[in-house]
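Subject: Structure handover

Hello,

Here is the structure I promised to pass on. Please open it alongside this note.

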Amino acid sequence: MSTTRFPTPKQRRQRRRDEMIEAIVEASRTIMREHGVAALNLNEIARMLGIRAPSLYEYFPNKMALYDHLFRLGTRLARQSLAHVDDGPDVNVWEVAERAMTAYFQWSIDNPDLFKLVFERHVPGFVPSDDTMAEMIEFLKEGTERMQRVFRSLPASRRLSVEQMRDMFIAIQHGITALHLANSPDLPLGQGRYGGMVPLVIAMLQAAWSE
């Protein structure tokens, strides 16, 4: 005879809490997309959710705590998007580089609000908490190690060090992504003045390394 397990009161409370946090996050991201990353307002979020503003303090004691949660969410989503770019047998070095740049670009198009919060400084006075920053540092460490593995597998360049290639890659990747979001935010990857530049950038880097 099978028995049905019903959630305990504690589990039900946790589920309600998780659902409210998710609703707060969605309302916050809507505001950031429509009015800018620095435009979060707890009173406006409460109005959108049909609750009193003090009720939000149970979940986020202040606006900076909410930004911290969103920063951590953005870090985790970006990390997931790049986690498997070097998977697969016999993957070409430059194919991995193009996959990484494409994944970063696509994640940013899908999450422009989190891109601006995580990778740029749009919120005056916001500093991620130590725990949140630790996740970002680990993410950056993974990316650096991946790029070093990729570029170190190439024949030695007479002009560029691995560190120079890594920094050039990061700067160009971020630059064309930010320019695309600023100029053609509604266009998909591959379209617009900057959206189609990924293959060109990879070809340029490959040529620079070969010189």
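Below is what was found in it, from the whole chain down to single residues.

**Ground rules**

This is a predicted model, in which local features need pLDDT of at least 70 and side-chain atom pairs count only at pLDDT 80 or more, while totals for chains, interfaces and linings use all residues. Residues are numbered from 1 along each chain as its sequence is written, and side-chain values use heavy atoms, with hydrogens and water left out.

**The whole chain**

The chain has ten helices and zero strands. Helices (H or I, at least four residues) and strands (E, at least two) are DSSP runs, numbered from the N terminus. Along its principal axes the C-alpha trace spans about 65 × 50 × 30 Å.

Of the 211 residues, 37% count as buried. Buried means under 20% relative accessible area, exposed means over 50%, and partly exposed is in between (1.4 Å probe, protein chains only). The accessible surface of the chain comes to about 12500 Å². Carbon and sulfur atoms hold 52% of that surface. Areas come from the Shrake-Rupley method with a 1.4 Å probe; for residues, only the protein chains shown count as cover.

Contact means heavy atoms within 4.5 Å. Take the contacts in the chain with a separation of 6 or more: residues 24 or more positions apart account for 67% of them.

Helix α6 covers residues 112–119. Its buried residues are D113, L114, F115, L117 and V118. What covers them includes α1, α4, α5, α7 (130–152) and α8 (162–183).

- S108 is in helix α5 (residues 93–110). Its relative accessible area is 0%, so S108 is buried. Not counting residues up to four places away in sequence, S108 touches F115, T177 and L181.
- T75 is in helix α4. T75 counts as buried because its relative accessibility is 1%. Again not counting residues up to four places away in sequence, T75 touches V118, E135, M136 and F139.
- A78 lies in helix α4 (residues 63–82). A78 counts as buried, at 3% relative accessibility. Leaving aside neighbours within four places in sequence, A78 is in contact with W107, F119 and F139. The C-alpha atoms of A78 and V118 are separated by 9.4 Å, and the two residues are 40 apart along the chain.

**Salt bridges**

Side chains of opposite charge can pair when their charged atoms come close. A salt bridge here is a side-chain nitrogen of Lys or Arg within 4 Å of a carboxyl oxygen of Asp or Glu. By this rule the count comes to ten salt bridges.

One of them joins the side chains of D113 and R33 (3.7 Å, N to O). D113 lies in helix α6 and R33 in helix α1, so the pair ties together parts that are 80 residues apart in sequence. D113 is buried, at 2% relative accessible area. R33 is partly exposed, at 43%.

D86 and R146 also meet in a salt bridge (3.9 Å, N to O). The pair links distant parts of the chain: D86 is in the loop between α4 and α5, R146 is in helix α7, and they are 60 residues apart. D86 is partly exposed, with a relative accessible area of 28%. R146 is buried, with 11%.

E95 forms a salt bridge with R99, and the closest N and O atoms are 3.1 Å apart. The two are four residues apart in helix α5, so about one helical turn separates them. E95 is partly exposed at 37% relative accessible area, and R99 is partly exposed at 30%. Elsewhere, salt bridges that share partners join R29, R33 and D113 into one network.

**Charge on the surface**

Lys and Arg count as positive and Asp and Glu as negative; His and the chain ends are not counted. The place of a charge is NZ of Lys, CZ of Arg, CG of Asp or CD of Glu. The chain has 26 positive and 26 negative charges, and their mean positions are 5 Å apart.

Patches are made of residues with over 30% relative accessible area and no salt bridge: like charges are joined within 9 Å, nonpolar side chains (Val, Leu, Ile, Met, Phe, Trp, Tyr) within 5 Å.

- K10, R12, R13, R15 and R16 form a positive surface patch. K10 is in helix α1 and counts as exposed, at 63% relative accessibility.
- D18, E19, E22 and E26 form a negative surface patch. D18 lies in helix α1 (residues 9–35) and counts as partly exposed, at 40% relative accessibility.

Best wishes
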